[in-house]
Amino acid sequence: MNSGPVVLILRSRTEQLRSLETIHKGLFVIGVLAVLLATVLSFAVARTITRPLAAITDVMREVAATGDLTQKIAVRHSNRWDDEDARLLATTFNTLTDSIGRFQREMSQKERLTSLGRLSTVIAHEVRNPLMIIKASLHTLRQPNLGADVMRDVVRDIDGEVVRLNRIVNEVLDFARPIHFELASVDLNALCRESAIAAQASGPGPEVELDLDPAVADVTTDPERLRIALVNMLVNARHAVNGNRTGVVLHTRLSGDRVRIVIADRGAGIEPSELAHVFDPYFTTKRGGTGLGLPIAKNIVEGLGGTITVSSVVGRGTEIRIELPQRT
Ligand SMILES: Nc1ncnc2c1ncn2[C@@H]1O[C@H](COP(=O)(O)OP(=O)(O)OP(=O)(O)O)[C@@H](O)[C@H]1O
Ligand SMILES: [Mg+2]
């Protein structure tokens, strides 16, 4: 009779322990579920921020790479834009690119007008002189009993001025219109020789000394455009040595997959204050110069994937260094 309650207590303890164990297990499962739920929830919340941010950075990267400011982040038609901050960032970015695009258009319009203003000054100045000379020559031609010698001189003058006018028009056009390159495989050394001959034909001055590397015999480039650039620089160099019989060297070298062309002269050199402006359109220190020779050369070389730099010491001379890819 007395053993009954003892057994009952023992049973209830075991049951108590068992139910405690069940509670523990239950708590453990709830804990694990809570952690899982928290992870899933925080992941979902994070996704509402990271997905829009990824979309924003994708467009930013694209704009940075292409410079295309018309690219926009599409904010409205997607349910990924749950995060208010990300939406704000995206719309601010879109407004920013709109503003930059507008400023760029305004700037280029202003630059075009300034450029047109300077161009008309150059044209007015450059074209008026030859026209005056032609007019004076025609006046002479109208004189009665004109000697054959005088007639020949006057006609030569007119011819010279027409050539000058044509050159001015060509230079302005070369600078103003976009360049369409026509690539071909060329012997760069042959091109240098031809350019030297063309520069020598442009007026009195020294012969151009050639120091050519046989390794640049096969280069892919636009020969016609490159020739224009080289002639412009060789004419400048011959001009700078001012009547000396030597002092202009044209030098080519292959260096890795790049071709180096150097035009060096032992001429007057360029003042440091002027050196920074020699590639500015219309910068000239010459009477009758258009100041477009070097800007045209720079446009061509950079359009061919190359670089052009100038260094100069007053009284010692000037060196123009061009680096071009061997295969453009
Ligand atoms: N080799 C050089 N030595 C000294 N000065 C130079 C040399 N090359 C260019 N310059 C300077 O740079 C200026 C600009 O040269 P650029 O060829 O653009 O125009 P320009 O020679 O004045 O005119 P254009 O080429 O139309 O006859 C020149 O006026 C001159 O002052
Ligand atoms: Mg020049």
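Start by selecting ligand 1 and the shell of residues around it: by class you get eight nonpolar, nine polar and four charged residues. (Nonpolar here is Ala, Val, Leu, Ile, Met, Phe, Trp, Tyr, Cys and Pro; charged is Asp, Glu, Lys and Arg; the others, Gly among them, are polar.) This is a predicted model, where local features need pLDDT of at least 70 and side-chain atom pairs pLDDT 80 or more, while totals for chains, interfaces and linings use all residues. Residues are numbered from 1 along each chain as written, chains are lettered from A and ligands numbered from 1 in the order written, and side-chain values use heavy atoms, with hydrogens and water left out.

Next, pick out Asn236, Thr284, Thr285, Lys286 and Thr290, the closest of the 21 residues surrounding the ligand (a heavy atom within 4 Å counts as near).

Now show polar contacts (N or O pairs within 3.5 Å). Ligand oxygens sit 2.8 Å from a side-chain N or O of asparagine 236, 3.3 Å from one of arginine 167, and 3.3 Å from a polar backbone atom of glycine 293. The protein covers 92% of the 590 Å² of accessible area that ligand 1 has on its own (Shrake-Rupley, 1.4 Å probe).

Color helices H3 (148–176), H5 (223–241) and H7 (293–303): each gives the shell at least two residues. (Helices are DSSP runs of H or I, at least four residues, numbered from the N terminus.)

Last stop: valine 29, in helix H1 (residues 3–66). Why does valine 29 count as partly exposed? Because its relative accessibility is 46%, and partly exposed runs between buried, under 20%, and exposed, over 50%.

Key
Buried < 20%, exposed > 50% of the residue type's maximum accessible area, 1.4 Å probe, protein only. Polar contact = N/O pair within 3.5 Å; in protein donor to acceptor, adjacent residues only side chain to side chain.
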